[in-house]
Amino acid sequence: MTAPLTDASARLGGALDKAHTLIEALPWLARFHGETIVIKYGGNAMTEEHLRAKFAADVVFLRYAGLRPVIVHGGGPQIQAHLDLLGIDSHFVSGLRVTTPEAMRVVRMVLAGQVNRDVVGLINRHGPFAVGMSGEDAHLFTAERKHAVVDGVKVDIGQVGEIVRVDAGAVRALLDDGRIPVVSSIARADLDAGQYGQDGQDGADGVDAGADVYNVNADTAAAALAVALGAAKLIVLTDVEGLYADWPSSDEVISRIGATDLAELLPSLSSGMVPKMEACLSAVRGGVPQAHVLDGRVAHALLLEIFTDQGIGTMVVPGTDESEEEAR
Ligand SMILES: Nc1ncnc2c1ncn2[C@@H]1O[C@H](COP(=O)(O)OP(=O)(O)O)[C@@H](O)[C@H]1O
Ligand SMILES: CC(=O)N[C@@H](CCC(=O)OP(=O)(O)O)C(=O)O
């Protein structure tokens, strides 16, 4: 006699749960197959080895699932550690590092020479996917000097760049070749505008101090690239659960916010959240349908966001929240 179907299902137990998890991903796989997803991997999200390994596995999973992931990495804490080691003073204004020519050399060395190499190496444990590039390469990011505005007053913050052009041709070519581009947030100066050599100075050792390059916040760089690539999502991985409604007095996470409401909230935000939420806003205003801030300290945060019905973190959508009920 054959056992009843319910008994057979009960015996499979956990295996069936796995099948349910996989099938929950089906609509999201269908929706994002062939789509470009730009992931900003923040310096604070990359500190623990086991999480770094899981991040790399998630990115490779996305690639095998038919999505086109692009990584733009940060490295603020790693830059700070090197500046401290060298005794170079550095501070932040409106979430941006005031970048002297001396600090610029360190920023470029740490981002392109250390963090980029580390992220590429992590991903390539799974196969020949990741290709590292600096935003200087193939004219990917061209920037002009940016100033901060504090209490309505323009403040000089040194060699910090505002991206004015993105040439995403090299990134597209890598994606078409099945690769995973890993990009550092350094930009070249707008040489056509005659900016060459204005900012830097030769180092004592005769090495160019980076006269024609700018330090760009990695959130900002990721948003600019997401817009240029027509990405389906921008995902920003950081070290908090998302955007807190009333930070630091409360830890209630805003799970979803429309661009209009976010624009109103921006002036009240502080520190690193300012460039992060400005980046999400500029991405959705530039045509990216969804921008997310996720907690990189949560294992497999990327997969939870992309392939589950509830998602996690904070999602920014165009317009008002109410007008975009269908966004997820
Ligand atoms: N409203 C807010 N919600 C969440 N975090 C906030 C908020 N305002 C300021 N922060 C701070 O911003 C930090 C994230 O920015 P940052 O340190 O630059 O991250 P990353 O290195 O990932 O780019 C958080 O760790 C938190 O201390
Ligand atoms: C202008 C500016 O502030 N640039 C950043 C670039 C790195 C970065 O953005 O790293 P996280 O994403 O880890 O913060 C900096 O120098 O720290």
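**Close-up views of a predicted protein model**

View 1. The shell around ligand 1 splits into seven nonpolar, nine polar and two charged residues. In this count, Ala, Val, Leu, Ile, Met, Phe, Trp, Tyr, Cys and Pro are nonpolar, Asp, Glu, Lys and Arg are charged, and the others, Gly among them, are polar. There are 18 residues around the ligand, and G42, T238, Y244, W247 and G272 come nearest. To be near, a residue needs its C-beta atom, placed from the backbone, within 6 Å of the molecule. Keep in mind that this is a predicted model: local features need pLDDT of at least 70, side-chain atom pairs count only at pLDDT 80 or more, and totals for chains, interfaces and linings use all residues. Residues are numbered from 1 along each chain as its sequence is written, while chains are lettered from A and ligands numbered from 1 in the order in which they are written.

**View 2. The whole protein, for orientation.** You can pick out eleven helices and 14 strands here. These are DSSP runs numbered from the N terminus, with helices (H or I) of at least four residues and strands (E) of at least two. Of the 328 residues, 44% are buried. Buried means that 20 or more other C-beta atoms lie within 10 Å of a residue's own; exposed means 12 or fewer, and partly exposed is in between, with C-beta atoms placed from the backbone.

**View 3. The annotated binding site.** An unreviewed UniProt entry marks G75, G76, R97 and N215 as "binding site". They are spread over 141 residues of sequence, yet they cluster in space, with a largest C-alpha distance of 11.8 Å. UniProt positions follow the numbering used here, feature names are shortened, and annotations may be inferred rather than shown by experiment. G76 sits in helix α5 (residues 76-86), and it counts as buried because it has 20 C-beta neighbours inside 10 Å.

**View 4. A closer look at R97.** Look for R97 in strand β4 (residues 96-97). R97 is buried because 22 other C-beta atoms lie within 10 Å. Setting aside residues up to four places away in sequence, R97 touches S90, F92 and N215. Two residues are in contact if their C-beta atoms, placed from the backbone, lie within 7 Å.

**View 5. Around A112.** A112 belongs to helix α6 (residues 101-123). Is A112 buried or exposed? It is buried, because 22 other C-beta atoms lie within 10 Å. Apart from neighbours within four places in sequence, A112 is in contact with S134, S184 and I186. A112 and S134 are 22 residues apart in sequence, and their C-alpha atoms are 6.0 Å apart in space.
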